[in-house]
Amino acid sequence: MDQPISRDRAEFIGRAQACTRCLEYSFKKVSVKPAPDSQQKELHTLWIVRRICGICEHESELGLDPEGDVVYLG
């Protein structure tokens with residue numbers, strides 16, 4: 001892939017992953033920010049997506065690489 005995914009695409013991918021607790025796809029808040037340099041080097045993460053489930057209010061975070069693949073989910 002030539003260019004890394006955009007912030008909008010990262011948000012779309014974050015919303016497309018089910019909540020790890022209740023397995024729903026309804027999020028009341030999703031925020032996307034660039035990964036810190038340490039994570040970019042160590043995990044090859046480009047974006048950090050933080051989200052709050054609209055059903056069970058579980059907070060989760062996922063890291064996305066430049067191609068849009070999920071590097072970690074926590």
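Q: Which residue in β4 is the bridge partner of G63?
A: The model is predicted, with local features requiring pLDDT of at least 70 and side-chain atom pairs pLDDT 80 or more, while totals for chains, interfaces and linings use all residues. Residues are numbered from 1 along each chain as its sequence is written, and side-chain values use heavy atoms, without hydrogens and water. Strands are DSSP runs (E, at least two residues; helices are H or I, at least four), numbered from the N terminus, and two strands pair if DSSP finds at least two bridges between them. Strand β3 (residues 59-64) pairs with β4 in the antiparallel sense over 3 bridges, and the partner of G63 in β4 is Y72.

Q: What is the order of the strands in the open sheet?
A: The edge strands, each pairing on one side only, are β1 (27-34) and β4 (70-73). The pairing is antiparallel in this sheet of 4 strands, and the order is β1-β2-β3-β4.

Q: Which residue forms a salt bridge with R50?
A: A salt bridge is a side-chain nitrogen of Lys or Arg within 4 Å of a carboxyl oxygen of Asp or Glu. R50 is in strand β2 and its partner lies 11 residues apart in strand β3. The closest N and O atoms are 2.6 Å apart, and the partner is E61.

Q: How many residues apart in sequence are the parts that K28 and E57 tie together?
A: The side chains of K28 and E57 meet in a salt bridge at 3.4 Å, N to O. Because K28 lies in strand β1 and E57 in the loop between β2 and β3, the pair ties together parts whose separation in sequence is 29 residues.
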